[in-house]
Structures are given as C-alpha cells and as structure tokens.
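These are my notebook entries on a single structure. I set down what I looked up, one topic at a time.

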Amino acid sequence: EELCKRVRKELAFVWSKFISTQPDAFLELKAEYSACSFFRSGDTIRWLSGVSEFEGTFDSVGKWGELIVKTPSGAPLSLYSEDVFAVRSSRQ
C-alpha cells in the first residue's frame with residue numbers, strides 16, 4: 001500500500017511537470033528523462049518499422065518524448081513508439 005502511494009505521488013508530480021505552462025517545467029522533465037535514458041548521444045541504434053530494419057545514430061530525446069536519430073545521410077529523423085516495433089543499441 002505504501003509503495004502504491006509513493007508511485008502515485010511521483011506520477012502526479014511528473015504529470016504536473018508534463019502539462020505545466022511554466023516554460024522550463026517540461027525542459028526539466030526532459031533533462032531528467034534523458035539522463036536516465038538507455039541511449040546515449042552517438043550510440044548506433046537499429047529499429048524495425050513495418051517489415052524493414054533501419055540504422056542511425058541516437059542524437060537526443062525530442063520535445064514529445066520521441067527519439068531523434070541521425071540517418072546515415074546525416075538527416076534527423078523522429079522515431080515515435082507507434083511507428084517502431086523494436087529498437088536495439090550497439091551498447092548491448
């Protein structure tokens with residue numbers, strides 16, 4: 001019961017930052033999320049989208065929580081969870 005209360009309190013706190021109208025609130029949340037991310041800038045990652053596999057270099061976490069990767073041509077690409085079926089890092 002105590003664990004559930006603590007989890008609920010933390011989720012409420014994070015949600016309040018996510019929906020806040022304060023200019024830096026989301027940036028703080030994004031920085032915390034990025035610090036805990038499995039991916040680090042420069043990691044080579046592979047992902048499946050549909051039946052095709054792609055590869056790029058992890059750059060950052062975007063404004064909406066998406067992964068920003070650089071394709072082999074250097075162009076940035078946003079990966080959203082609904083578009084990607086699996087992601088693997090070169091650091092496994």
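Entry 1, a surface patch. I recorded that Leu3, Val7 and Leu11 make a nonpolar surface patch of about 310 Å². The model I consulted is a predicted one. I located Leu11 in helix α1, which covers residues 2-19. I then looked up the cover of Leu11: its relative accessible area is 57%, and Leu11 counts as exposed because that value is over 50%.

Entry 2, the strands. I found that β1 and β2 pair in the antiparallel sense, over six bridges. I noted that the two strands form a hairpin with two residues between them. In the turn, Gly50 has a positive phi of about 70°. Which residue of β2 is the bridge partner of Ile45? I identified Gly56 as that partner. For the strands in general, I wrote down that side chains alternate between the two faces of the sheet in a regular strand.

I listed nine residues in the largest nonpolar core, among them Ile45, Trp47 and Phe58. I noted that β1 (44-49), β2 (52-61) and β3 (67-70) are the elements that give two or more residues to this core.

I found one aromatic pair in the structure. Trp47 and Phe54 form this pair, with 5.9 Å from centre to centre and 25° between the planes. The pair counts as stacked because its planes are under 30 degrees apart. Is Trp47 buried or exposed? I recorded Trp47 as buried, since its relative accessible area is 4%. Phe54 is partly exposed, at 38% relative accessibility.

I counted two salt bridges. In one, Lys5 is joined with Glu1, and the closest N and O atoms are 3.6 Å apart. Lys5 is partly exposed at 43% relative accessibility, whereas Glu1 is exposed at 76%. In the other, Arg46 is joined with Glu55, and the closest N and O atoms are 3.0 Å apart. I noted that Arg46 is partly exposed, with a relative accessible area of 33%, and that Glu55 is partly exposed, with 38%.

I located Ser81 in the loop between β4 (76-79) and β5 (86-89). Ser81 is exposed, with a relative accessible area of 66%. I also looked up its separation from Phe38: Ser81 and Phe38 are 43 residues apart in sequence and 15 Å apart in space, C-alpha to C-alpha.

Technical notes: Residues are numbered from 1 along each chain as its sequence is written. This is a predicted model: local features need pLDDT of at least 70, side-chain atom pairs count only at pLDDT 80 or more; totals for chains, interfaces and linings use all residues. Side-chain values use heavy atoms; hydrogens and water are left out. Patches are made of residues with over 30% relative accessible area and no salt bridge: like charges are joined within 9 Å, nonpolar side chains (Val, Leu, Ile, Met, Phe, Trp, Tyr) within 5 Å. Accessible areas come from the Shrake-Rupley method with a 1.4 Å probe; for residues, only the protein chains shown count as cover. A salt bridge is a side-chain nitrogen of Lys or Arg within 4 Å of a carboxyl oxygen of Asp or Glu. Helices (H or I, at least four residues) and strands (E, at least two) are DSSP runs, numbered from the N terminus. Buried means under 20% relative accessible area, exposed over 50%, partly exposed in between (1.4 Å probe, protein chains only). Rings of Phe, Tyr and Trp (its six-membered ring) pair if their centres lie within 6.5 Å; planes under 30 degrees apart count as stacked, over 60 as edge-to-face and the rest as tilted. A nonpolar core is a set of buried Ala, Val, Leu, Ile, Met, Phe, Trp, Tyr and Cys residues joined through side-chain atoms within 4.5 Å. Two strands pair if DSSP finds at least two bridges between them.
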